[in-house]
Amino acid sequence: MVVRPHRPWAVVALEGGSLLAFAIYAGWLAGRLFEAASGALDLLPLLASGVVGWLLADLLSGLVHWAGDTLGSEHTPVLGPSFIAPFREHHDDPQAMVAHGTVELVGSTALLALPSLVPVTHLVAFEEQGSLRLALGGVLLATLLGVVVTNLVHRWAHMERPPAVAALLQRAGLILTPARHERHHTAPFDGWFCISSGLLDGLLMRIGLWERLNARFQGRS
């Protein structure tokens, strides 16, 4: 049985409130985008922008994961205990994250996403200037959604029996699958870092992105 550390109620409340606010604003922005779309000429670029945003979230998840696994140490000031340590601990006990709740996994990321999501939802007039503004809004929304749910998707990839919806998305290849992610937990543990969908992992491995980043930054941390 995994013993979970006590989390201060104020932290839980902040993360839970942030997640609720993110869900409300993401739904609101999605509604505004689809309402502003006028026919297929706007709808198709909007849907395409969602795909672009989802892939961008995958890239960002990989870069953050690589940084957490590679740079610095648990003793690095400020970032060490809060950012780097969880990545390193995950490799020591990959199944530990299964015990974490949804709010704990995604609440802090939702908090970080709100400063971008809230002003765009309130201030940008998507009805003006045609499809370009809609597409940019779609990229932002899909990227933020992908980033916020990354740790949840990551947890599902480690579960023997993920929720039915998660299993369906895994079979469709839209989110990270256990098979894709297993390659990251296989020696030499220096690739396959993307943990939103993993769709970009093959391409990034072929172009040698992680090897280039390692060659450039290892030894400086």
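Is Phe-193 buried or exposed in terms of relative accessibility? The structure examined here is a predicted model, in which local features need pLDDT of at least 70 and side-chain atom pairs count only at pLDDT 80 or more, while totals for chains, interfaces and linings use all residues. Residues are numbered from 1 along each chain as its sequence is written, and side-chain values use heavy atoms, with hydrogens and water left out.

Phe-193 counts as buried, at 2% relative accessibility, where buried denotes under 20% relative accessible area, exposed over 50% and partly exposed the range in between (1.4 Å probe, protein chains only). A search of the whole structure finds three aromatic pairs (ring centres of Phe, Tyr or the six-membered ring of Trp within 6.5 Å; planes under 30 degrees apart are stacked, over 60 edge-to-face and the rest tilted). Among them is the edge-to-face pair of Phe-193 and Trp-210, with 4.9 Å from centre to centre and 65 degrees between the planes. Phe-193 lies in the loop between helix H8 (178-182) and helix H9 (201-206), and Trp-210 in helix H10 (residues 209-217), so the pair ties together parts that are 17 residues apart in sequence. Trp-210 is likewise buried, its relative accessible area being 1%.

Charged side chains also sit over aromatic rings (CZ of Arg or NZ of Lys within 6 Å of the ring centre and within 35 degrees of the ring normal). Arg-183 lies over the face of Trp-192, at 3.9 Å from the ring centre, and Arg-216 lies over the face of Phe-217, at 5.9 Å from the ring centre.

How values were computed: Helices (H or I, at least four residues) and strands (E, at least two) are DSSP runs, numbered from the N terminus.
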